[in-house]
Structure formats: C-alpha cells, structure tokens
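Me: I would like to go through this structure step by step. Could you keep the explanations plain?

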Amino acid sequence: MRKLATLAALVLCSTAFAIPLSAQARQGDGYPGRGKAVVQLQPAADYSDVIAGRPRNLGILRARAQGFVPSPQLHDYVHGVLNRLLAGMAMPPTFRPDVRVLATPEFTGECTPDGTLVITVGLLEQIENEDELAFVLGHEVAHAIYRHQAKDWYKKAQYYAVVNGGAVDLVAKSAALSLGGSLGGNIGRGLDVAQHLAKLSANVLMPQMERGEEDAADALGFDLMVKAGYDPEAALTVMDKLAQQEAEAAQAATQAKAAAKKNSGKSGGLLGGLGDVSSGLSMLGTLAGGGRPSGEQIADIAIFAFDAAVDNMAEDATAHHPAKERQDLLSAYAFREYRTITFVNPTPLPWSPVSKHPAKAQLTSLLAHYSSAENAAAYIADNTQGTAASARMYVTTSTANPTADHAYTEFVAAEYYEINKNAQLSEAALVKAANGPEPSWEVYSRLTDTYIARSDYTKAQALMDQAVVRFEDSPVILPKRIEVLRGAGKQSDAAALVPKCKSYGIDELTDACKKAAGA
C-alpha cells in the first residue's frame, strides 16, 4: 500500500510532509481554528433523548442487507476498541454508544442518531490492523458525541429502507416465479442486482452528514485514536480505502444502468413504461394481484427502481466530502497538531496470523465462514467465478458452526440449493435463517414468497406476524403483509393497513400498498 509522508518525518524535516495547497488555504469547516478538537470538546450534559430512538433505528437497519452479525465475541471485540478510544473521556452516564456489525461485504461505517455505530463485515475483511478500525470507530463515535444527525435522518432512512426492501422483494419474486432451466440464471441475476443495491445503498443513498460535521468527526476521531495509542497513519490509509470504495460505487451505478438497458429488449418493453421509483415498487402490488412478469423483467425493475432512487437523492450524495479531499484536510490537521508525535507499531487484528488475542480462533473462523459464503455467492451469480465443487465446499463450510444459523450464510446456501433444484434444502436453509438470532428481511421476503407460491397462507401469515416483531413494525414489510392477507381471503384486513402505509408520507410505499390491496 502507498505510504504517505509520515508524521515521523516531520520531526526530521518539516518539508517532508507535503500539505496540499487546498488544505493550506483553508481548514475544513468542522476543524478547530487552532488546537486539538479533543481538548476543546464540550459534550452534551445528557444523551437520554437520543438513546430512546435506538429500537426504532435498529429496526430500520435490520431491514438492510442480511441483518447484523450475531456474534457475542465479535461484538465484545469491536466494543472493546470503542471503550479504549473513550477511556479517560468525561462523558455523562447517559452517553451509551454501541457497535453493530452489518452482514454485508461492502466497506462502510455510519452512526445512527441514537449513537449506534454500524460497521460491516466487508470493512473488517479489508482493514489491515486494529488502528484502522480505531479511526473508523473514532470518527463514528465523534458523530454521536457531537449529536450530529443527518437532516431528516429517520424519514430518509425509512425511504431508503422501503426502496431497498422493495427491490429485494422484487428479486425474491424473480427467483420464486422462475421455473425449469431459467431458474439458475434468474437467481444469478438476482444476486447481481443485490450486489448493485448493496454498493449503492452503502455509498449513495443512506442519509449523509453535512461537510462540516464530517470534518469535525475526522478531527475528533483522529484525536481519540492518537490519545488511545494507535498509529496515526492508519487514519490516512483508511481514506485510501474509502477513495477506492467511492470509485467502486460509481462503477456499480453505471453497471446497474447498463444491466437494465441491456435487458430492456428481453423484457418486452416493460422498462419503457417505468419513469420513477414508484413504478418499480408498485410492481409488488401488481404481482400480488395476480400479474406474472418474467423473472428477468422483475430483476430489471429492481435495478431500475433503485437507480431511480439514486437519481432522486443525488443532492444528498454530493454533500459528502470525497475521500481524497478529506485526506488532504486530515493531513493538514495532523501536521499542525501532531508534528512531534512518537510513533507506535500497529496493533494486529484478532484474526491476524500474528495475533495473540484470546478470541482469535473464534473470530478467525467467523470471518472465514463469511468469506466462504461470499465466494459461494459469487459462483451462484456467475458460474465462471469458481467451480461447482468449490461452491459446494464453500456452502458446507459457511453453514457450519459458528455461523450455522446466520442469515447471510444460510441465505447463500438457500440460493445454492435452489439453482441445484433442491427446493427442500433451500427452504430448510431459509427457515433456519428466519429463526436465527438476527433477522434479515431478504430471508423473510424470500421465504414468504415460497409459502405464497404453494398457497400456504397459514405459514406466510405466521412469518409476517413474526416479522412485525423482529423488524420493529418497519414500513418495509407492509406491502408483503397486505399481499399475504389478501391472498388468505382477508380483504378487509388488507385494506385496513393501507392508511398505515400512507402515514409514513412515502408515496412509493403508499402506491405499493394500494396495489397489493387491489385498490
């Protein structure tokens, strides 16, 4: 990896640390004019009001990707890093941040308004040492300390959850409605769509902080990691990784558009009539009412609907600093405040070969299993990415302990069994995932469609009742709940949920609910 001119070189020669002209001309809006952010910090006296929103916010996050990773050992480890960052900080007892790991291969982190720091399996797989993790957590907890909250976070997060959940549901329909030889291709397309959605969602659609807030979090996060004894250069290498992710996100958006355009001819002109995200989501209602477009049409609609959401929220996407610009500002701040710092060796991650962490064996196995599931998913989406034998081995490995009932690993197993025409094992994997310690809406959506396909509305209704509790009655599940009620002959109960859909103020959701109710 490229090594920047380090702070150690500053002690020997100040010219060795080149400060970009843009950073020399101005510090970021959130950086202190002089001195360290941590010294000038004045935290709030009470955080109890934001903590109250945690259950609702976790419900939103659980509707993303494959839910959270249910590993006490992993939670204890990342929370231990957070505790090291906050050691010695005079924070009120009501300040109770938490860390959750989201089961997605994307490299991202965020902070919800209640102080929940969210990182991903992909981030843990790609960072090189604990020092990089410390900067990510330091940045995110700084948002919590400052009580930063993206404008209309809850509404925007709900909007994203509805759009993403609807697209996931369409992909599930693609698999459930496919028959015979076309099945594997459509599941592969579905996973390809899901990869586009994950990259776009993590880097574009989720509510963004203001530029000044990001600068302030970078400054305080950097201070916290240095105070805790971590290698300061890790903050700059994280920025390198973020820049790479931004480039991949832009590429994913381009690929999503190209995929939709490429298949528009195959879908009989269906995409030609879609002008916005509501058109894609309303297809859920059309399906519930008996319409049966092809699997490829559904996958195309999922891409198109999500791409429309990207366009609709482009203003939010451009509000975030590009990583290179953030890196320049952070370099200037580090030069100003830490030019005489004493360097330390990076701390290895618990799953590093040189680690002596007590949970090394468990965490190494955990991440290896998630990596195996990712490899299996790659093969399912594109059978040139490996062999049938290797995919079978990956599925077997990833569904053994300690990830035997994890939503992500079991969902991939379900897809693998589906393309191999073993519906019984596929359903069993979905049931195991649905009953696991952490829920995934993708699993619930897919399993519900399996029940609907054979008109087993008793099981479908029971699953939706369970979803209401596990997803904190998220609006994401409303169209599916209505579809199940209507299919079970409970038309009045289905219609009674439509006003609830309207109450969220999301037109796309209201339209999907109306269509599902047959209105």
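Me: Among contacts in the protein chain between residues at least 6 apart in sequence, what percentage join residues at least 24 apart?
Reply: The share is 77%, where contact means heavy atoms within 4.5 Å. Please note that this is a predicted model, in which local features need pLDDT of at least 70 and side-chain atom pairs count only at pLDDT 80 or more, while totals for chains, interfaces and linings use all residues. Residues are numbered from 1 along each chain as its sequence is written, and side-chain values use heavy atoms, with hydrogens and water left out.

Me: How many helices and strands does the protein chain have?
Reply: The protein chain has 26 helices and three strands. Both are DSSP runs numbered from the N terminus: helices are H or I with at least four residues, and strands are E with at least two.

Me: And how much of the chain is buried?
Reply: Of its 519 residues, 58% count as buried. Buried means under 20% relative accessible area, exposed means over 50%, and partly exposed lies in between, using a 1.4 Å probe and protein chains only.

Me: Why does Cys111 count as buried?
Reply: Cys111 counts as buried because its relative accessibility is 5%.

Me: Now disulfides. How many does a search of the whole structure find?
Reply: The search finds one disulfide, defined as a pair of cysteine sulfur atoms within 2.5 Å. Cys501 is joined to Cys513, with an S to S distance of 2.1 Å. Cys501 lies in helix H25 (residues 498-502) and Cys513 in helix H26 (residues 507-517), so the pair ties together parts that are twelve residues apart in sequence.

Me: Are those two cysteines buried or exposed?
Reply: Cys501 and Cys513 are both buried.

Me: How do the axes of H23 and H26 cross?
Reply: The axes of helix H23 (residues 478-487) and H26 come within 8 Å and cross at roughly 10 degrees. That makes H23 roughly parallel to H26, a label for angles under 35 degrees; over 145 is roughly antiparallel, 65 to 115 roughly perpendicular and the rest oblique. Axes are lines fitted to C-alpha atoms, for helices over the stretch in contact, and angles run from 0 to 180 degrees between N-to-C directions.

Me: Which residues meet there?
Reply: Among them, Ile482 and Arg486 are on the H23 side, and Leu509 and Cys513 are on the H26 side.
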